[in-house]
Amino acid sequence: NWVLANTKHCPKCRRAIEKNKGCNHMTCHAPCRHEFCWICLGPWSEHGGSYYQCNRYVAHKPENAKEEKRREHAKASLDRYMFYYERWMTHGSSMKKARQDLDRLESGALRGFTEANGVSQAELGCLEEAFALIVESRRVLSWTYPFVYYMDPVRDRKKIELCLHIQSVAEESVEKLHKCVEEEWNELKGTTAAPGAEFDAASAAEFAAAFKEYMSKLFVLNTATRNHLKKLVE
C-alpha cells in the first residue's frame with residue numbers, strides 16, 4: 001500500500017520509484033537509467049521549451065487513469081491503516097509509561113512521602129490500583145483498534161458503531177483516570193511537607209482534607225473505568 005500510494009512507475013521499465021529530492025527530473029536506477037518528468041511521466045529529453053506544458057490539465061488520460069485510480073485507492077487504504085496504527089501505538093506507549101510508574105510505586109518510591117505526611121502505605125493502595133487498571137485498560141484499548149480495523153465496514157457496520165461507542169466511553173474514562181494519577185497527583189504532592197520537614201497544625205489539616213478528597217475522587221474514577229473496561233471487553 002505504501003509503495004502504491006507514494007511511488008510512480010518508471011515509464012520504461014515499470015519499476016516503482018520514490019521521489020527523494022525536490023527536482024522533478026527523475027532518473028531510474030541502473031540498468032534502466034531512463035530519464036523522465038515526475039509530473040507528467042514524459043521523457044525528460046522533451047522537456048525543453050515545452051516543459052511547462054506539465055501545468056496544463058488534461059481531461060482524459062486513458063493510459064494513466066487505471067494507475068491513478070489504483071494509487072488513490074492505495075492512498076485511502078494507507079490513511080485508514082495509519083489512523084488505526086497510530087492509536088494502537090499511542091495506547092501501547094502510554095501503557096508502558098503507566099507500567100513504569102506502577103513499578104516505582106511497588107518498589108517504595110513514595111516511602112519518603114508517606115513518612116513526611118503521616119500517610120500509610122495502605123492508604124496509597126487506591127493509587128497503585130489505579131496504575132494497574134490503567135496498564136490493563138491501555139492494553140485492551142490498544143488492541144480494540146486492530147479489532148475494528150479488520151472488521152468489514154459494510155457487513156459489520158452496526159458492530160463497528162457499537163464498538164466505537166463503547167470504546168470512546170472507555171477511552172474518556174481512562175484519560176480522566178490517567179490525568180488524575182499524573183497531573184492531579186503531582187499537584188497534590190506539591191502542597192505536602194518536604195521529607196524531614198513538618199507541617200504546622202493548620203497546614204496538616206488542610207493537606208489531610210485535600211488528600212481525602214483526592215482519594216475519594218480516585219476511587220470513583222477507578223470504579224467507573226473498571227466498569228467501562230468490562231463492558232468494552234464483553
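Tutor: Happy to. Leu127 is in contact with Leu105, Leu110, Val181, Trp185, Tyr214 and Leu218, once its neighbours within four places in sequence are left aside; contact means heavy atoms within 4.5 Å. Keep in mind that this is a predicted model, in which local features need pLDDT of at least 70, side-chain atom pairs count only at pLDDT 80 or more, and totals for chains, interfaces and linings use all residues. Residues are numbered from 1 along each chain as its sequence is written, and side-chain values use heavy atoms, with hydrogens and water left out.

Leu127 belongs to the largest nonpolar core, which has 31 residues; Leu127, Val181, Trp185, Phe211, Tyr214 and Leu218 have the most contacts inside it. Such a core is a set of buried Ala, Val, Leu, Ile, Met, Phe, Trp, Tyr and Cys residues joined through side-chain atoms within 4.5 Å, where buried means under 20% relative accessible area (1.4 Å probe, protein chains only). Two or more residues come from each of helix H2 (62-106), helix H4 (125-149), helix H5 (157-189) and helix H6 (201-233). H4 gives the most, with nine residues. Helices here are DSSP runs (H or I, at least four residues), numbered from the N terminus. Apart from this core lies another, of eight residues, among them Cys10, Ile17, Cys28 and Trp38.

Now for the open space. A pocket is an open set of points on a 1 Å grid over the protein atoms alone, with protein on both sides within 12 Å along at least five of seven lines, and its lining residues have an atom within 4 Å of a point. The second largest pocket brings us back to a residue of the core: Trp185 is among the lining residues closest to its centre, together with Asp101, Arg104, Phe131 and Lys189, out of 13 in the lining. About 220 Å³ of space lies in this pocket, a volume being the space filled by probe spheres set on the points, which are joined across faces, edges and corners. H5 supplies the largest share of the lining, five residues.

The largest pocket holds about 290 Å³ of space. Its lining has 13 residues, and Phe147, Cys163, Leu232, Val233 and Glu234 lie nearest its centre. H4, H5 and H6 each give two or more residues to that lining.

Technical notes:
Buried < 20%, exposed > 50% of the residue type's maximum accessible area, 1.4 Å probe, protein only. 1 Å grid on protein atoms, 1.4 Å probe; cavity = no way out; pocket = protein on both sides within 12 Å on 5 of 7 lines; lining within 4 Å.
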